[in-house]
Number of protein chains: 2
Amino acid sequence: MRLPRELVARSGFLLVRLGLRFKAQALAELAQADFSQYHYSVLALLDEQPQETQAQIADTLCLDRSQLVRILDSLEDRGLIARHRDRTDRRRHTVSVTAAGRRQLHQLRRMIDELEDDLLAPLTGADRRRLHALLLQLAEAHDPSCGASD
Amino acid sequence: MRLPRELVARSGFLLVRLGLRFKAQALAELAQADFSQYHYSVLALLDEQPQETQAQIADTLCLDRSQLVRILDSLEDRGLIARHRDRTDRRRHTVSVTAAGRRQLHQLRRMIDELEDDLLAPLTGADRRRLHALLLQLAEAHDPSCGASD
DNA sequence: TATTGTTATACTCTATAACTATA
DNA sequence: TATAGTTATAGAGTATAACAATA
């Protein structure tokens, strides 16, 4: 029943395994509230960068544009976001969060906070900060959209 | 084009993102050599714990038994593993790596080693060790099969 | 009847390709 | 002609269910 040492000795393997585990937990938790991972990240994005166009949102979150359509549909149906046709280019839709959407975001945020607390529970506060710093260093190096600069 | 700070500030999010990225790279690299992630982990497992039954292998690697059948079929077709019917219980098949399988494992190992070097390149040697220790601490706490003990 | 390995089927997620309306 | 958003379709990957051999 024990995993090969060869795998456990790899940071890459542990990263994948812990990441998949956390993702699965988050998915399950969000699904109970009838949301997906994307609902959360779209709301979080629009909360910080309002009035993005659909193409911008999709590119930022590495989503397919056709995938985003369905996500936005379901958020719009619940009154959490609103689409606005751009007056300067009528092909474009800009998207914004509604007040209800912001309230929902707070709830989802709390759900994920709890999950993350569970995940990091084995570490001391100092170790949590060290881990985040190391992960951020890797993410910024490999993935510019995680970076502090634009 | 920048990801929400709310997400980047989360170790859980970074873990998922880095994990998915590394997994995708490993999949692409292995696919070029006509292997999958599972081929590698099955070979690695059998190299350390030979003569496991199919059920044991599937449970250890969290694979569906029916999924494992196809993986073993393709490894057997290439002469990298061999199935043996268990004499004490003729329902069971034990599985072992062949010499060719061991040679192939070395090659796959080198491929993943390189990928991992790329992943961890931004960190110093000391930071790499710190990161692995932190990840291992989390993995062992949440996932006994990663642990040192059985 | 229960279990091992196997085969066949269904489902979910994502990726690709067409379609419309605007530019 | 090219682009933004939308719709429809196809594919990979996985999960579920049924099946044959053996216990």
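How many residue pairs are in polar contact between chain B and chain A? In this predicted model, the count is 36 residue pairs, with both members at pLDDT 80 or more. Helix 1 (5-8), helix 2 (11-32), helix 3 (37-48), helix 4, helix 6 (99-120) and helix 7 (125-142) of chain B each bring at least two residues to the side of chain B that touches chain A. Helix 2 of chain B gives the largest share of that side, with 13 residues. Sorted by class, the side of chain B that touches chain A holds 33 nonpolar, 12 polar and 17 charged residues.

Charged pairs also link the two chains. Eight salt bridges are counted between chain B and chain A. One of them joins R17(B) to D143(A), with the closest N and O atoms 2.7 Å apart.

The size of an interface is often given as the accessible area lost when the parts come together. Here, chain B and chain A bury about 6,200 Å² between them, and carbon and sulfur atoms give 63% of that area. On the chain B side, M1(B), R2(B) and R10(B) supply 11% of the area that chain B buries against chain A, more than any other three residues. In terms of contacts, 62 residues of chain B and 62 residues of chain A take part.

Among the atoms of DNA strand D within 4 Å of the protein, 69% belong to sugar or phosphate, and the rest belong to bases. A backbone N or O atom of A55(A) lies 2.8 Å from a phosphate oxygen of DNA strand D. Helix 4 (54-60) and helix 5 (65-77) of chain A, together with helix 5 (65-77) of chain B, are the elements that give two or more residues to the surface near DNA strand D. By class, this surface has three nonpolar, six polar and nine charged residues.

DNA strand C is likewise surrounded by 18 residues, and the closest are Y38(A), R91(A), Q54(B), A55(B) and S66(B). Of the atoms of DNA strand C that come within 4 Å of the protein, sugar and phosphate account for 70%. Both chains contribute polar contacts here. A side-chain N or O atom of Q67(A) is 3.1 Å from a phosphate oxygen of DNA strand C, and a polar side-chain atom of R83(B) lies 3.2 Å from a phosphate oxygen of DNA strand C. R91(B), in turn, has a side-chain N or O atom 2.9 Å from a base oxygen of DNA strand C. At least two residues of the surface near DNA strand C come from each of helix 5 of chain A, helix 4 (54-60) of chain B and helix 5 of chain B. That surface divides into three nonpolar, six polar and nine charged residues.

Chain A also contains a sheet. Three strands form an open, antiparallel sheet in the order 1-3-2. Strand 1 (52-53) and strand 2 (81-85) of chain A stand at the edges with a single partner strand each, so one side of each has no neighbour in the sheet. Strand 2 of chain A pairs with strand 3 (residues 93-97) of chain A over five bridges in the antiparallel sense. In strand 3 of chain A, V97(A) is the bridge partner of I81(A).

Note on methods. Residues are numbered from 1 along each chain as its sequence is written. Chains are lettered from A and ligands numbered from 1 in the order in which they are written. Side-chain values use heavy atoms; hydrogens and water are left out. A residue is near a molecule or strand if one of its heavy atoms lies within 4 Å of it. A polar contact is a pair of N or O atoms within 3.5 Å; within protein, one must be able to donate a hydrogen and the other to accept it, and residues adjacent in sequence count only if both atoms are side-chain atoms. Helices (H or I, at least four residues) and strands (E, at least two) are DSSP runs, numbered from the N terminus. Ala, Val, Leu, Ile, Met, Phe, Trp, Tyr, Cys and Pro count as nonpolar, Asp, Glu, Lys and Arg as charged, and the others, Gly among them, as polar. Contact means heavy atoms within 4.5 Å. Buried area is the accessible area (1.4 Å probe) that two parts lose on being put together, summed over both. A salt bridge is a side-chain nitrogen of Lys or Arg within 4 Å of a carboxyl oxygen of Asp or Glu. Two strands pair if DSSP finds at least two bridges between them.
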